[in-house]
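Here are some friendly notes to keep beside you on a first look through this model. Each point takes up one part of it.

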Amino acid sequence: MLPSTVVAQTQFWAKMAIAIMVFVASAAELLVLAQLYPYVNVFTVSMALQSAAAVLAIRLHWCEQFTNRVASTTLLLFWLATVLLALMRLRTAIALDVSSGPVTACSVFLLLSLAALVMESQAKPHMLYELDDEDEDYYPGTLEDTSR
């Protein structure tokens with residue numbers, strides 16, 4: 001059986017790799033849309049915002065890995081919203097009977113986002129940081145005797 005720190009590191013790097021693949025998929029779709037529509041429209045703007053959100057998610061994954069003991073609620077909600085919106089995009093693309101390229105791109109993005117949601121919802125098996133002595137003395141929700 002692997003030590004819990006090895007499992008935690010593997011989970012972290014898998015989450016980072018999936019988040020980076022989500023960014024690459026959205027950036028590639030943005031470049032394709034920018035070539036198809038040389039003018040600014042709602043499609044290119046939404047893909048640009050999606051790419052920026054993916055970059056922020058990568059940054060948040062990095063920052064919260066070493067400070068939180070549990071999964072990040074912000075990231076869980078972000079990935080859940082991303083999956084739901086990707087499902088709507090895929091349904092719309094299929095309903096409009098667009099070519100297979102956008103449907104494939106949306107399907108890949110949906111699967112990667114779903115993988116990121118599943119990876120983020122996994123509990124961290126081991127703390128990757130050490131508590132200071134000051135942190136061990138503080139327990140939220142307890143009253144301290146200040147009469148001394």
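1. Let us start at one end of a helix. N41 caps the N-terminal end of α2, with a side-chain oxygen 3.1 Å from the backbone nitrogen of F43. This is a polar contact, meaning a pair of N or O atoms within 3.5 Å; within protein, one must be able to donate a hydrogen and the other to accept it, and residues adjacent in sequence count only if both atoms are side-chain atoms. Helices (H or I, at least four residues) and strands (E, at least two) are DSSP runs, numbered from the N terminus.

2. A word on the source: the model is predicted, local features need pLDDT of at least 70, side-chain atom pairs count only at pLDDT 80 or more, and totals for chains, interfaces and linings use all residues. Residues are numbered from 1 along each chain as its sequence is written, and side-chain values use heavy atoms, with hydrogens and water left out.

3. Now for the rest of α2. Among the buried residues of α2 are T44, M47, A54, I58 and H61, where buried means under 20% relative accessible area, exposed over 50% and partly exposed in between (1.4 Å probe, protein chains only). The cover over these buried residues includes α1, α3 and α4 (100–121).

4. Do look at H61 in α2. H61 counts as buried because its relative accessible area is 5%. Its side chain makes polar contacts with the side chains of W79, at 3.1 Å, and E120, at 3.3 Å. Leaving aside neighbours within four places in sequence, H61 also has F12, K15, M16, A19 and L75 among its contacts (heavy atoms within 4.5 Å).

5. How many aromatic pairs does a search of the whole structure find? There are six, counting rings of Phe, Tyr and Trp (its six-membered ring) whose centres lie within 6.5 Å; planes under 30 degrees apart are stacked, over 60 edge-to-face and the rest tilted. F12 and W62 make a tilted pair, 5.4 Å centre to centre with 50 degrees between the planes. F12 lies in α1 (residues 4–36) and W62 in α2 (residues 42–65), so this pair ties together parts 50 residues apart in sequence. F12 is buried at 2% relative accessibility, whereas W62 is partly exposed at 36%. Together with W13, these two residues form one aromatic cluster.

6. On to α4, whose 22 residues reach 31 Å from first C-alpha to last, close to the 32 Å expected at 1.5 Å a residue. Its buried residues include V103, F109, L117 and E120, and the buried residues of α4 pack against α1, α2 and α3.

7. L76 sits in α3 (residues 73–95) and is partly exposed, at 26% relative accessibility. Not counting residues up to four places away in sequence, L76 touches A71, L117, E120 and S121. The C-alpha atoms of L76 and S121 are separated by 6.8 Å, though the two residues are 45 apart along the chain.

Terms used:
Expected span 1.5 Å × (residues − 1).
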